[in-house]
Structure formats: structure tokens, C-alpha cells
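Hi,

Here is the structure I said I would send over. Have a look at it first, and then read on for my notes.

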Amino acid sequence: MTPAGTQYALFESVEAIPVEQAPQELAGRRFSDYVVYVDESGDHSLASIDRDYPVFVLALCVFHKRHYAEKIVPAVEKLKFNYFGHDSVVLHENEIRKQKGDFTFLAHRPTRDAFMAGLTSIMEASNFILIACVVDKARMHRSAGALTNPYHIALGMGLEALRGFLAEKGQDGVKTHVVVECRGKKEDAELELEFRRICDGDNPGNRVLPFDVVFADKKTNLAGLQLADLVARPVGLNYLRPAQPNLAFDVLKKKFYCDGGRACVGTGYQDVGLVIYPPQKAKSPDEPTEAVAPTRNPQST
């Protein structure tokens, strides 16, 4: 039976939206053309390590602001209107996967398949750049870094990769906002202190990084934070079980910041857009290799 009410085409648009433009003159500009949304998968505690998921993943989704505002946000809103009748629902990977809370309706297989197909279409059409940092807590616990906060390690690696991407785009001379989800007063204070320390020059190049952190409550219902939440766990699962089918990661492979730019999407992202800590030698083509420097070939967003 055809459901009542209007079903909105997720990417219906009056006119085409240009995604990539030549770098503009930055003189007098305050902000870059990009905004970054960050979320995590797994916990950063080393005191107790989950044997089934012994990793911490930090995912940075880098959006061109016009593409995000004019294409991605409306598509996410339409998906919510189609399935909930309103847009106050927050898309959360854990609740979707476990079919709980607002997502109990996903227990109906045909509806779940259609909903997941809609989410996948948004991911595929979203021209964001993905930078992900995977901290193997089990291996880290046995190393000299056992007393280091995995979140801070991942943040440092992520911001360094972000700097490289923005430099390619000629956007490293103006401020870029990095939006993270609030976790608690103490945790947020510690994160902000670490963020400022890294941006003030405590990084591999001893550079001052023009980034500013913004803390957002989940209730602000930002599409970018929700997409970041959806991508983090598939990255972690691919690291833990690279031979296991992972349809979500198959989509994400083409989003990673990579060596070689647009012509090489889906390859060359290990140790560029996907960074593993502690570093390890590759045992198969699917596992991370030693770090290589990007070739400064701008990647499309």
C-alpha cells in the first residue's frame, strides 16, 4: 500500500550546485570555504578495553560549505520528513544499528532496507573529504604510549592531515571551524586545551594552525555531526576485520583524503586520510602501510 503524504526526492534541486571552484582571493576574508564535523567510535579509556572493539576511531568530515548547506542538509531533512514526519530526530549509528528509540520501525526488513538505501544515497552524493584516525588500544597499551589519551593522539593526527588538505585548497591562511560533539564539562575542557596546544604549534611542523574548535550539543541536530557519527564505526570495523564484507566502508573508501587527488580516489589513502596508531607494517593490501607524503594534487570536494 502506498503510504500517505508526500515523499520528498532527497536530491531534487532547481539548479545544479557547483561543488568545486578555483581558490578565491583570501585577502580580507575571515573564514575558509570548509567546515569540519568530528565524531568518534569506541571509548578512549585504556583502563578497560573491549575485546570485541578494542579501538578508538576519530572521524573528521570536511565539507565545502555551499555544498553542505545547499545539498546535504536539505537531503538529510527530507529523509527525516519521509520517515518520521518531522526533523527533530537525531540520526545516531548505535540506535539505528540496534533498532531502538526512534528507530524501532527498522525491525521491519523492507522499511529498513529502504531507509538504509536512503542513507547510503546521501553518503554517496555527499562530496565530503574523510580523515579518520584509528587508535589500536590493545597495541597501544603494550607500548610506551600507554599513558597517553587516545583521543588526543587521534586529534593531533587528524588536524595535521586536515592542514595538508586545506593547504592543497589554498585555504590554510584563513580560519576553519572544527565542530565536535559535547561529551561533558571535564572532557570538553581537556579537549579544548589539547586542541589549542596543537594549533599553537605543538605539531610535527611546529606550525600555527588556523583552526577553531566549536562544541555542539547533540540536541543542536547538526547534519554534519550525524554523518560523522555514521562513518566512524565502519572505519573501525574495517581495521579490525578487513576481510569481512563492509558495504558502508566500500562507500567511504572514495571519500578518504588520498595521495594523488581526484584521479586516485579509493586508493592511496592509507597513512594520508586513514591513519593508524601505533603504526604497523602492512600484512596485506587492505592493511595500513608506512606513511607516505601526499603529492599535493588537490582532491575534489
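This is a predicted model: local features need pLDDT of at least 70, side-chain atom pairs count only at pLDDT 80 or more; totals for chains, interfaces and linings use all residues.

Let's start with helix H7, which covers residues 223–240. From first C-alpha to last, its 18 residues reach 27 Å, close to the 26 Å expected at 1.5 Å a residue. H7 is mostly covered, with 17 of its 18 residues buried.

One of the helices that meets H7 is H1, residues 65–84. Two packed helices are described by the angle between their axes and the distance between the axes. For H1 and H7, the axes come within 10 Å and cross at roughly 75 degrees. Angles of 65 to 115 degrees count as roughly perpendicular, so that is what H1 is to H7. On the H1 side, the contact is made by Tyr 68, Ile 72, Val 73, Val 76 and Lys 80. Their partners in H7 are Ala 223, Gly 224, Gln 226 and Leu 227. Sorted by class, the contact has 6 nonpolar, 2 polar and 1 charged residues.

Now the rings. How many aromatic pairs does the structure hold? The count is 17. Take Tyr 83 and Phe 115: their ring centres are 5.1 Å apart and their planes sit at 90 degrees, so this pair is edge-to-face. The pair links distant parts of the chain, as Tyr 83 is in helix H1 and Phe 115 is in helix H3 (residues 109–125), 32 residues apart. Is each ring buried or exposed? Tyr 83 counts as partly exposed, because its relative accessibility is 27%, whereas Phe 115 is buried, with a relative accessible area of 0%.

Phe 256 and Tyr 269 give you a stacked pair, 4.8 Å centre to centre with 20 degrees between the planes. Both residues lie in the loop between helix H8 (247–252) and strand S6 (274–277), so the pair ties together parts that are 13 residues apart in sequence. Phe 256 and Tyr 269 are both buried.

There is also a cluster: ring pairs link Tyr 83 and Phe 115 with Phe 84, Phe 103 and Phe 105.

Last, have a look at Glu 194 in helix H6 (residues 185–199). Buried means under 20% relative accessible area, and Glu 194 counts as buried because its value is 12%. Leaving aside residues up to four places away in sequence, Glu 194 touches His 152 and Leu 155.

Cheers

Technical notes
Residues are numbered from 1 along each chain as its sequence is written. Side-chain values use heavy atoms; hydrogens and water are left out. Helices (H or I, at least four residues) and strands (E, at least two) are DSSP runs, numbered from the N terminus. The expected span of a helix is 1.5 Å times one less than its number of residues. Buried means under 20% relative accessible area, exposed over 50%, partly exposed in between (1.4 Å probe, protein chains only). Axes are lines fitted to C-alpha atoms, for helices over the stretch in contact, and angles run from 0 to 180 degrees between N-to-C directions. Angles under 35 degrees count as roughly parallel, over 145 as roughly antiparallel, 65 to 115 as roughly perpendicular and the rest as oblique. Contact means heavy atoms within 4.5 Å. Ala, Val, Leu, Ile, Met, Phe, Trp, Tyr, Cys and Pro count as nonpolar, Asp, Glu, Lys and Arg as charged, and the others, Gly among them, as polar. Rings of Phe, Tyr and Trp (its six-membered ring) pair if their centres lie within 6.5 Å; planes under 30 degrees apart count as stacked, over 60 as edge-to-face and the rest as tilted.
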